[in-house]
Amino acid sequence: MMGAKGSMLRLALFLATAASVSCANDRPAWASQGAQDDPTQLKRAGELARSGKYDEAIGIYKELAAKDGPTAVASRRGLLRTLSETGKYADAEESGRRFVAGASGVELQNALGEVLQLRGKTADAESAFKAAVAGRASDSLTARLNLDVLRFDRGAHAEALKDLDGFIDVYNSRRRALTSDELMAIGTACRYLGVTNPQLFKDALKAYDEAIARDSTNQEAQLREVELFLDKYNSGDAKKSVAALLAKNPRHPRALLASARVAYFDGSGAAAEIVRKSLEVNPNSPTARAFLGSIYFDGEDYAASAKEAEQALATDSTLVEGLSVLAASRYLQGDRAGFDALKRRALTQNPKESAFFVNMAEAAARNRLYVQAVDFAREGVAADSTAWRAYGVLGMNQLRVGAMDEGKKNLDRAFAGDPYDVWIKNTLDLLDTFKDYKETASPRFRFVVDGKESELLSSYLRPLAEEAYDSLAARYQYKPATPIRLEVYRSHADFSVRTVGLAGLGALGVSFGTTLAMDSPAARDAGDFNWGSTFWHELAHTFTLGASDHRVPRWLSEGLSVLEERRARKGWGADVTPEFLAAYKAGKLVKVSRMNDGFMRPAYPQQLIFSYYQASLVGELIERDFGQRAIVDMLNAYKTGATTEQVFQRVLKLSPEAFDAKFDAYLKERFGKLLAVIEPKDVRKDAMPRAPAVDGEYTTTLSQGIAAMEMKNYDEAIKWLDKAKAMFPEDASAEGPYWLLAQAYKAKGNARAEANELTAMTLRNEDHYGANIELSNVLEQLGDSAGAAAALDRAMYISPYDPAQHVRLAALDAHTGNKRGAVRERQAVVALNPVDRAEALYQLALAYYEAGDGQSARREVLRALEDAPNFEKAQELLLRLQQGNRSGGGGD
């Protein structure tokens, strides 16, 4: 997430004391005297502000602030707070300067300082905070905290932490009851002190809880809790807390911003929409502008990102988050001079500014520039040796580039400094499990797989990986450095932690370049995905990322990977669906010129899935009309730092907008007949955006077939299902016509027709395990050994855990002369730890022998005899091998 502790706390600190001045339990003694109408009005103003009725609150505060009565200080603080909350910073500053020049001016110095701090006027803010402390204002403890934060933010860590330590003494002495705002200040002090004693993070949470218990209307304290949870990657508690706050004030701009951060943290595309709601209330919020800029940055819209960051810095020129978002945009736009200037600016205001480099490292990683992320994180560590977050980001990105030992060392260091960072803890826990993993190799790959299934999966991965490397190297005219590392996880949660540090990632695999990670087929139920095509997809990223120096846009890299899946094997990869075409007809697909939005900011959940397939069609169209060389030229152009617009103009001689029209025509041409039988239907019953439902002639016809199947009227079902299949032959889903027709023909005893439907289905559907097993059974009965073997081979890339199916495939391979395939299947049987291990080893030895590999045959038959010394068949095979050696044969 863009934005480190200092920049997130900056806004959270402002106007702390004023947060609850209208509450009787925290109001100073002078505010409870005098006429009752003004206190009543003051209370009313506070209620209005806390419910989001800011303009009404400002009107009351202004009226009260014009008076020098007993409510003057509280109303003036409330006015400054509410003006700032709604982005009227100039008005707040003008009013604040006027207030400090009048009666009880010292009581307004801290509030003025917080306004000045929000505007980046740190020297003036420091003077105001000092005046509040020196004048012993009622909010002097908050002013003291603000002074220490300023010191910390300019790099005077030792000085700041020394004074912050005194806040613990204030808490422990309890010479008087502490107000909610004072408890909140102590909590924030503990949060900063956590850099040297991480146990104080617990005390920070405790102090915030006490502040909220003391005054349940203290929304500032609730926000600080949310930020602490987010800082420690505790999305669950952050979400609950911010939801409770928004239930009371749905227009609270900083609560909305916090909610957007939670959504962003959870990978929700709603983050941008939520932060825009925050900006509707406070259009000048520098932190909200910078955060929106980071969202645009993730979508690789660097111009829009820079624009938001510049707006943030126009309000607060010192905001680290704004500086780093703008610097990241300049860096990715190839403006190194602009980047260097922003880097100098950040270090000038704080020589220990690690947050700038942490933000840069995270931004680089989100744009798949993992080597650069390592370099930026190193600069963060060099700037501040106590920046535990920088050590964590450094370690995580070292793991991504395959520097496992160095990465673990830095993660250990990060965890020692901050053991409450869930991201780091989860990753270290995962690394501890690597002792149970086994590494195997092929000429250009290293496979790191759980020991329980290393032998099984590696027997498939070795030939598949080498085949894929050769195919992709030829197509993209690029050869990545080897060895390429592949990690395969039996637990999806472990894969998710490896990828993002937390459980819950929906993806199946990830490519960091020459380091890949993916789910094992054991991580999901059989039929959930095809692990062979998943590997091919991720390896394709290695080539497109490498060929472009990691500059290819996410959408194009993903589209080419899906396209490569379809090329790898018949039936692999996504194909057109009725849902996709319904979304197209409803105008629910993104334009190619905005393709990254479908990946980074999908308007509805299904749009992400549609975007993968849509992007692959873009690759198809480019190859059809411009040739495969155009794809290579595009990757090379991205490598030079060209933008997508420049790449399209240079290689395709089209603007992205012109390509939009070309692509739309291509879809109509390619899917014209299918589009005629599909209609979108909006069945939305709530405000949640979603893909349209599918209606039209195809679904009506298919429904007739399904209804007939349910009535077991198979002849009628076949009639309707055949019609549906003719209308939309690409629909090979489990709910489509092929599977249903196969069931109908099976019920009628027509094995050949059943086999025909299953063959057509499995050559279009990559992950239907049951269809492939059923097809292999039927074809074997029909005497088609080669077809049966092909179906079983497809099944193994969906779920390879049934020993009986491996035995069947080994026999079929042997029968059809596929000796290498028979060896692989016998290896798989041994890897699955069969009850009769000696027999499995003997069969493996026999397969090697028949394949002409006498040396391997001898090794395996000796293993069989170790398990069963009197095993006659094994003894006979060993004798044959020995005789072959003596005669010079045996395949050695």
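In strand 3 of this predicted model, the side chains of I484, L486 and V488 point one way, while those of R485, E487 and Y489 point the other way, and all are buried. This arrangement can be set beside a general rule: in a regular strand the side chains alternate between the two faces of the sheet. Strand 3 covers residues 484-489, and six of its six residues are buried, so the strand is largely enclosed by the rest of the structure.

The partner of strand 3 is strand 2 (residues 445-450); the two pair in the parallel sense over five bridges. Within this pairing, F447 stands opposite L486 of strand 3. The loop between helix 25 (454-476) and strand 3 contains P483. A cis peptide bond joins T482 to P483, with omega at about 5°.

**Helix packing**

Two packed helices are described by the angle between their axes and the distance between the axes. Two such pairs are set out below.

| Helix pair | Axes come within | Crossing angle |
|---|---|---|
| Helix 10 (residues 180-193) and helix 12 (residues 219-231) | 10 Å | roughly 15° |
| Helix 22 (residues 388-400) and helix 24 (residues 422-432) | 11 Å | roughly 40° |

Angles under 35 degrees count as roughly parallel, and helix 10 and helix 12 are therefore roughly parallel to each other. Helix 10 passes helix 12 in a left-handed crossing. On helix 10 the contact is made by M184, T188 and R191, and on helix 12 by E220, A221, R224, E227, L228 and D231.

The crossing angle of roughly 40° makes helix 22 oblique to helix 24. The crossing of helix 22 past helix 24 is left-handed. Helix 22 contributes R389, G392, V393, M396, L399 and R400 to the contact, and helix 24 contributes W423, I424, T427 and L431. Here the residues divide into six nonpolar, two polar and two charged.

**Positive phi angles in loops**

S104 is not a glycine, yet its phi is positive, at about 55°. S104 lies in the loop between helix 5 (89-100) and helix 6 (109-118), and its relative accessibility of 44% makes it partly exposed.

E300, likewise not a glycine, has a positive phi of about 65°. The loop that holds E300 runs between helix 16 (286-298) and helix 17 (302-315). With a relative accessible area of 16%, E300 is buried.

Terms used: Residues are numbered from 1 along each chain as its sequence is written. This is a predicted model: local features need pLDDT of at least 70, side-chain atom pairs count only at pLDDT 80 or more; totals for chains, interfaces and linings use all residues. Side-chain values use heavy atoms; hydrogens and water are left out. Axes are lines fitted to C-alpha atoms, for helices over the stretch in contact, and angles run from 0 to 180 degrees between N-to-C directions. Helices (H or I, at least four residues) and strands (E, at least two) are DSSP runs, numbered from the N terminus. Angles under 35 degrees count as roughly parallel, over 145 as roughly antiparallel, 65 to 115 as roughly perpendicular and the rest as oblique. A crossing is left-handed if the near helix is turned anticlockwise from the far one by less than a right angle, and right-handed if clockwise. Contact means heavy atoms within 4.5 Å. Ala, Val, Leu, Ile, Met, Phe, Trp, Tyr, Cys and Pro count as nonpolar, Asp, Glu, Lys and Arg as charged, and the others, Gly among them, as polar. Buried means under 20% relative accessible area, exposed over 50%, partly exposed in between (1.4 Å probe, protein chains only). Two strands pair if DSSP finds at least two bridges between them.
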